[in-house]
Amino acid sequence: IAGSVTGEGSRILSVMTSDGRVVLASDQITGAGTPAALTDVLTTSSDVLPVYLDPDGTEYMVEAVTINELGLSASNPAARLAWIVVARQPVADFRRAILDFIGGFRLILLGNVIFVGVFALLFTRVIMNPLNKLTRISREIEAGHLAMRIPELPEDEIGQFADVLRRVVSRLTARLDQLNAAAQVSRIAALTLDLSQSLGRVAHALHEQLGYPEVRIYLADMPRQRLIVQAGAGPESERMMHAATRTPLDESSLIGRAALLGESQVGGGVEMPKFAGGVAQPAEVAIPLQAGGRTLGVLHVVADRPGAFGREDVDILRLICDQIAAAVENARLYDESKSSLVEIEALNRRLTQTAWEEHVNEAEDALRHTLDPEGHWPDLAERITDSVEVRAETFIDASGRNVLAAPLVLRGQPVGTLAVTRPADERWTMDEVVLVESIASRMVMIAEGIRLVEESSRRAERERQVNEVSADLIQRAASVDSILQTALNKLSGALGSDHVSLRIGAPPVEPGHRIASGRADDPNGMAPDIRARNGDGGLIDGSDQPL
């Protein structure tokens with residue numbers, strides 16, 4: 001027991017009996033009594049470590065345990081003793097220990113702070129710097145600077161994020177390049193109305209800008225149920241274009257199916273087995289050219305790698321196809337409009353020529369005028385009389401006169417000429433040439449206006465005569481014969497002829513006779529009989545005499 005109960009440093013240990021008699025102590029005599037103040041502290045204080053003030057004025061922190069609580073073995077005789085072990089430690093030692101602990105804790109805390117700072121610095125340099133750099137690059141990409149270089153990073157989470165960002169930017173750049181190429185192709189398709197030239201430029205643009213090795217544009221020949229190569233880019237495509245290759249419009253080919261179904265058809269791009277050589281089939285896509293619900297043709301594109309035509313690639317090509325179809329339709333409408341315009345212009349020329357020929361025939365010589373005292377008309381060359389452009393020319397005619405002549409052109413049709421003569425030794429100035437051209441241009445317009453007025457007047461006169469005849473017929477409408485007779489009389493007066501005939505119904509034919517049907521200009525025939533029958537069954541003419 002004495003060996004177990006020892007003091008360490010300033011700690012005081014003592015063993016006492018339950019009645020307070022000291023059995024063993026480091027600072028007390030064996031057999032002495034325990035100080036009353038200490039006994040009171042041990043018996044009355046409820047603190048875990050009560051404080052004891054000894055007669056010397058020193059404060060101690062006291063703790064008491066029984067022998068059994070020291071953990072002695074059961075074979076140890078001391079374990080059966082009802083003794084108490086009391087430990088006293090000066091409070092000053094506790095305070096000093098606490099201060100030492102606080103000082104040590106501060107050192108540990110400072111070390112931890114330094115360690116955390118160093119770790120944070122390393123974390124920032126090793127982890128945060130690449131992340132911040134990727135953040136800055138992402139903001140630049142967001143602003144549209146897709147050419148930003150993404151650095152190669154270690155194979156950690158940030159490195160994986162950098163790889164993903166690099167792939168995303170690469171795909172985005174490729175898609176933007178495709179969209180830019182599609183916009184340029186669409187612009188090329190809309191630049192010209194020459195269909196052959198436009199399709200050729202589109203095919204070469206797809207070949208060069210999108211990198212497709214073979215591009216072909218087919219146009220549909222619906223009556224013959226076939227597709228014909230109209231434009232191509234690439235060795236095989238150009239050969240097919242020059243050979244005017246024709247493909248049946250059926251489901252036997254990828255192109256025919258696209259045209260018949262009106263949907264995009266993707267084929268090829270399949271990896272061949274190793275025993276077959278391990279070569280991949282080229283990928284190809286056929287997209288119909290549609291406008292107004294009609295299939296106009298097919299765009300056929302061949303790639304040199306499998307899987308080249310994803311959904312985005314087909315969508316971009318479909319956008320280009322819409323522009324090609326619009327260009328084809330615009331070219332077709334332009335050709336139709338141009339053809340219609342040519343027909344309208346030709347019709348206008350024919351109508352103008354006919355109208356002026358009739359007008360000239362009615363006027364006879366009234367439309368030829370000259371101020372030449374001798375009435376000597378200049379001889380005009382055909383290049384002037386047949387010219388469709390108002391352009392004055394000078395020449396020497398057969399009489400040796402210097403002639404300045406300009407055609408009178410109306411709606412692209414020459415209707416006459418204006419000519420001025422001078423002696424051969426006198427020349428025409430440029431101002432005089434321009435003056436004659438201006439007068440010729442205005443003179444023909446004025447003449448056309450006057451002719452139209454005269455024609456309108458003639459039509460109004462005819463309409464008036466028709467109205468008068470109709471009104472007179474209504475007033476005298478006693479019977480059909482009287483109406484016919486009155487109509488013939490009015491028509492005879494209007495036409496200035498007594499030989500006016502009218503017939504209603506089939507003419508009577510005697511047995512063995514026939515009615516000859518001839519033309520007015522046929523000397524061997526006879527004019528059609530259109531005379532009216534009188535009340536007695538005979539025919540009547542404008543003289544109201546039976547025939």
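This is a predicted model: local features need pLDDT of at least 70, side-chain atom pairs count only at pLDDT 80 or more; totals for chains, interfaces and linings use all residues.

Trainee: Is Val-285 buried or exposed?
Mentor: Val-285 sits in strand β10, residues 284-291. Buried means under 20% relative accessible area. Val-285 has 1% relative accessibility, so Val-285 counts as buried.

Trainee: How far apart in space are Val-285 and Ala-308, C-alpha to C-alpha?
Mentor: Beyond four places in sequence, the residues that Val-285 touches include Val-301 and Phe-309. In sequence, Val-285 and Ala-308 are 23 residues apart. In space, their C-alpha atoms are separated by 9.5 Å.

Trainee: Which residues is Glu-448 in contact with, leaving aside neighbours within four places in sequence?
Mentor: Glu-448 belongs to helix α9, which covers residues 430-475. Its relative accessibility is 4%, and therefore Glu-448 counts as buried. With those neighbours left aside, its contacts are Trp-356, Leu-410 and Arg-411.

Trainee: What span does helix α10 reach from its first C-alpha to its last?
Mentor: Helix α10 runs over residues 480-495 and has 16 residues. Its buried residues include Leu-484 and Leu-488. Just after α10, Gly-496 has a positive phi of about 70°. At 1.5 Å a residue, 22 Å is expected for α10, and the span in the model is close to that, at 22 Å.

Trainee: What is the area of the nonpolar surface patch that includes Val-113?
Mentor: Val-113 is part of helix α2, residues 91-142. Other members of the patch include Val-48, Leu-49, Phe-105 and Leu-109. The area of this patch is about 970 Å².

Key:
Residues are numbered from 1 along each chain as its sequence is written. Side-chain values use heavy atoms; hydrogens and water are left out. Patches are made of residues with over 30% relative accessible area and no salt bridge: like charges are joined within 9 Å, nonpolar side chains (Val, Leu, Ile, Met, Phe, Trp, Tyr) within 5 Å. Accessible areas come from the Shrake-Rupley method with a 1.4 Å probe; for residues, only the protein chains shown count as cover. A salt bridge is a side-chain nitrogen of Lys or Arg within 4 Å of a carboxyl oxygen of Asp or Glu. Helices (H or I, at least four residues) and strands (E, at least two) are DSSP runs, numbered from the N terminus. Buried means under 20% relative accessible area, exposed over 50%, partly exposed in between (1.4 Å probe, protein chains only). Contact means heavy atoms within 4.5 Å. The expected span of a helix is 1.5 Å times one less than its number of residues.
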